[in-house]
Amino acid sequence: MEKESRRVMHYIIAIAGILSGVALDQVTKYYALTRLKDQDPYVIIRGVFQLEYLENRGAAFGLFQNQRLFFYLSVAAILIVVIWFYIKVPMERHYMPLRICAVFIASGALGNFIDRVRLNYVVDFLYFKLIDFPIFNVADIYVTVTTILLFLLICFYYKEDELERILHGGK
């Protein structure tokens, strides 16, 4: 019984983490919308980094402009995979980085999904002018950084038998 209550507590903490991540993303976008829209960019470091409002109706790098159904189905698929993955990952300290990755990916997907449903576009506002990197937001950071971290964990930290354990059971 104690093992089951610990498992439930892990799920509650994960949900709280997701909600916190989404809240941070939405608060930053609210400030971008109310303080940056129809304004000149706010320069943090001249020629390097600035806050610049952008309404993104597509995906990364402007792909899939105005394809709402595609985005809705993508978020549903991502969340199904993340939930499945989270359930399959053993509730052991060694696997905590994978569970944290799942929380951040879900937060990012939901953060941008909320914008698409509420506004019909995603609010982007962070711009690295030095390298002319596409304007992005906090949810994008969650997904991008976490995907890179997940790749590194899978390639260099977890052994093949540990990954097999996730895919084929063994809690």
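Val8, Met9, Ile12 and Ile13 together make up a nonpolar surface patch with about 360 Å² of accessible area. A patch is built from residues with over 30% relative accessible area and no salt bridge, like charges being joined within 9 Å and nonpolar side chains (Val, Leu, Ile, Met, Phe, Trp, Tyr) within 5 Å. Accessible areas come from the Shrake-Rupley method with a 1.4 Å probe, and for residues only the protein chains shown count as cover. Ile12 lies in helix H1 and is partly exposed, with 47% relative accessibility. The terms used here are buried for under 20% relative accessible area, exposed for over 50%, and partly exposed in between (1.4 Å probe, protein chains only).

The model is predicted: local features need pLDDT of at least 70, side-chain atom pairs count only at pLDDT 80 or more, and totals for chains, interfaces and linings use all residues. Residues are numbered from 1 along each chain as its sequence is written, and side-chain values use heavy atoms, with hydrogens and water left out.

### Overall organisation

The chain contains five helices and three strands, arranged along the sequence in the pattern α-β-β-α-α-β-α-α. Helices (H or I, at least four residues) and strands (E, at least two) are DSSP runs, numbered from the N terminus. The C-alpha trace spans about 55 × 30 × 30 Å along its principal axes. Of the 171 residues, 36% count as buried. The chain exposes about 10800 Å², of which carbon and sulfur atoms supply 69%. Among contacts (heavy atoms within 4.5 Å) between residues at least 6 apart in sequence, 68% join residues at least 24 apart.

### Helix H1

The 34 residues of H1 should span 50 Å at 1.5 Å a residue, and the end C-alpha atoms are 49 Å apart, which agrees. The expected span is 1.5 Å times one less than the number of residues in the helix. The buried residues of H1 are Arg7, His10, Ala14, Ile18, Gly21, Val22, Asp25, Gln26, Lys29 and Ala32. The elements that cover these buried residues include S2, H2, H3, strand S3 (122-128) and helix H4 (138-157).

### Salt bridges

The structure holds five salt bridges. Such a bridge is a side-chain nitrogen of Lys or Arg within 4 Å of a carboxyl oxygen of Asp or Glu.

| Asp25 | Lys29 | 2.9 Å |

Asp25, Lys29 and Asp115 are linked in a network of salt bridges.

Glu55 is partly exposed, with a relative accessible area of 26%, and Arg57 is partly exposed at 28%.

Glu92 is partly exposed, with a relative accessible area of 30%, and Arg165 is partly exposed at 26%.

### Strands

Strand S1 (residues 42-45) and strand S2 (residues 49-56) pair in the antiparallel sense over three bridges. Two strands count as paired if DSSP finds at least two bridges between them. S1 and S2 form a hairpin with three residues between them, and Gly47 in the turn has a positive phi of about 75 degrees. Ile45 stands opposite Phe49 in S2.

S2 is also joined to S3, by six bridges, and the two run antiparallel. Here Leu51 stands opposite Leu126 in S3. S3 is mostly covered, as six of its seven residues are buried.

### A further pair of positions

Ser74 belongs to helix H2 and is partly exposed, with a relative accessible area of 23%. Ser74 and Phe113 are 39 residues apart along the chain, and their C-alpha atoms are separated by 9.7 Å.
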